[in-house]
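Reader: I should like to go through this structure with you, beginning with the aromatic residues and then turning to one of the helices. Please show it first.

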There are 2 protein chains.
Amino acid sequence: MTDQLRIEKQLCFPIYLFAKEIINYYRPLLKDLELTYPQYLVMMVLWENKKSTVNEIGERLSLDSGTLTPLLKRLEKKGFVERQRSEKDERVVEISLTHCGSNLKKAAEKVPEQLIDIMKVDQEDLETLKHLIHKVLRNKNANELDDY
Amino acid sequence: MTDQLRIEKQLCFPIYLFAKEIINYYRPLLKDLELTYPQYLVMMVLWENKKSTVNEIGERLSLDSGTLTPLLKRLEKKGFVERQRSEKDERVVEISLTHCGSNLKKAAEKVPEQLIDIMKVDQEDLETLKHLIHKVLRNKNANELDDY
DNA sequence: CAAAATTAAATTGCACACAACTTAATTAGA
DNA sequence: TCTAATTAAGTTGTGTGCAATTTAATTTTG
């Protein structure tokens with residue numbers, strides 16, 4: 001009974017640990033690009049879309065303005081993005097890539113394979129893991145909708 | 001080629017997201033106990049061991065003194081733990097549970113099942129996920145040892 | 001035994017992450 | 001239409017998480 005509280009029994013601790021560990025593997029690779037992991041996520045959104053609002057980025061990455069506003073200011077300071085108020089709706093801030101930010105994509109394309117080299121995990125296990133997490137997240141969302 | 005950088009293709013984003021999401025599910029449950037998730041992890045270590053050094057807790061949870069020292073001071077302030085220098089080795093700080101911290105275990109024992117109720121994920125999927133992450137972490141460690 | 005190396009915590013500084021709140025702009029509705 | 005509700009970002013405050021450094025104590029070694 002009481003050993004339900006043992007860390008090993010818990011479902012979340014390994015995931016919490018694994019997430020931290022992955023980010024630690026990214027750190028040295030991203031340092032070369034002058035990016036942190038969350039900044040890298042934002043850049044990936046922009047490399048896909050060229051231009052996004054703070055809201056859109058937040059929805060995509062599950063981050064709120066309290067996290068994104070200062071993060072985007074840091075990316076602006078580094079010269080990777082531009083922030084400017086929408087003319088149509090003054091509440092909205094549009095984030096777009098600078099030349100420098102666009103060019104960074106080339107270097108970033110090498111990151112995924114570098115990561116796999118460094119992490120030394122079985123590629124097949126990772127694929128299975130990814131599918132399973134997708135499934136769990138998808139099912140969870142579906143179950144939540146049942147409440148309404 | 002270039003779509004290797006799409007967020008969906010990456011292995012890490014779902015894990016990063018899932019880890020955050022789990023902690024968000026814990027938040028309201030742990031708020032009743034006046035604990036954050038990392039504080040809850042530390043308390044779990046102590047509920048198992050009664051007394052640990054900062055180092056031991058850090059090894060168990062993969063956290064360094066830069067994270068633990070202020071966290072433990074907050075737990076001390078809440079009256080859940082006591083911190084005192086070892087007499088044998090003055091460098092070491094021993095962390096032990098107060099009465100209040102020990103008593104908190106009863107309430108904490110309800111957390112795991114509450115979490116499962118709230119999260120609405122398939123129990124079987126979670127078990128598979130846990131096993132797989134354990135396997136990946138274990139293999140990774142084994143592979144790293146090969147380097148020496 | 002004394003200097004050098006190692007070790008354990010603490011400190012400093014930076015960057016998330018999120019709750020709660022504020023401000024300004026837009027939309028909805030009586 | 002004009003006020004009330006909603007929305008988008010920003011701000012403030014707290015708590016991690018980690019790199020880099022510091023301080024003090026203990027070991028190791030010459």
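Reader: How many aromatic pairs does the structure hold over all chains?

Author: This is a predicted model. Over all chains, it holds 10 aromatic pairs. One of them joins Tyr26(A) and Tyr37(A), with 5.0 Å from centre to centre and 40° between the planes, and is tilted.

Reader: Which parts of chain A does the pair of Tyr26(A) and Tyr37(A) tie together?

Author: Tyr26(A) belongs to helix α1 (residues 12-31) and Tyr37(A) to helix α2 (residues 37-49), so the pair ties together parts that are 11 residues apart in sequence.

Reader: Is Tyr26(A) buried or exposed? And Tyr37(A), buried or exposed?

Author: Tyr26(A) is buried, because its relative accessible area of 1% is under the 20% limit. Tyr37(A) is buried as well, at a relative accessible area of 4%.

Reader: Turning to chain B, what is the geometry of the Tyr37(B) and Tyr40(B) rings?

Author: Their ring centres are 6.2 Å apart and the planes are at 40°, so the pair of Tyr37(B) and Tyr40(B) is tilted. Both residues lie in helix α2 (residues 37-49) of chain B, three residues apart, which is about one turn of the helix. Tyr37(B) is buried with a relative accessible area of 3%, and Tyr40(B) is buried at 0%.

Reader: Which residues do ring pairs link into a cluster?

Author: The cluster consists of Phe13(A), Tyr16(A), Tyr26(B), Tyr37(B) and Tyr40(B), linked by ring pairs.

Reader: Let us change topic to α4 of chain A. What span should its 13 residues have?

Author: Helix α4 (residues 65-77) of chain A should span 18 Å at 1.5 Å a residue, and its end C-alpha atoms are 18 Å apart, which agrees.

Reader: Which residues of α4(A) are buried?

Author: Leu68(A), Leu71(A), Leu72(A) and Leu75(A) are the buried residues of α4(A). They cover an arc of only 105° around the axis, so they are on the same side of α4(A).

Reader: What covers these buried residues of α4(A)?

Author: The cover includes α2, α3 (54-61), β2 (81-85) and β3 (93-97) of chain A.

Reader: Which exposed residues are carried by the face turned away from the buried side of α4(A)?

Author: That face of α4(A) carries the exposed residues Gly66(A) and Lys77(A).

Reader: Finally, what follows α4(A)?

Author: Gly79(A) follows α4(A), and the phi of Gly79(A) is positive, near 85°.

Terms used
Residues are numbered from 1 along each chain as its sequence is written. Chains are lettered from A and ligands numbered from 1 in the order in which they are written. This is a predicted model: local features need pLDDT of at least 70, side-chain atom pairs count only at pLDDT 80 or more; totals for chains, interfaces and linings use all residues. Side-chain values use heavy atoms; hydrogens and water are left out. Rings of Phe, Tyr and Trp (its six-membered ring) pair if their centres lie within 6.5 Å; planes under 30 degrees apart count as stacked, over 60 as edge-to-face and the rest as tilted. Helices (H or I, at least four residues) and strands (E, at least two) are DSSP runs, numbered from the N terminus. Buried means under 20% relative accessible area, exposed over 50%, partly exposed in between (1.4 Å probe, protein chains only). The expected span of a helix is 1.5 Å times one less than its number of residues. The arc is that of the directions from the helix axis to the C-beta atoms. Contact means heavy atoms within 4.5 Å.
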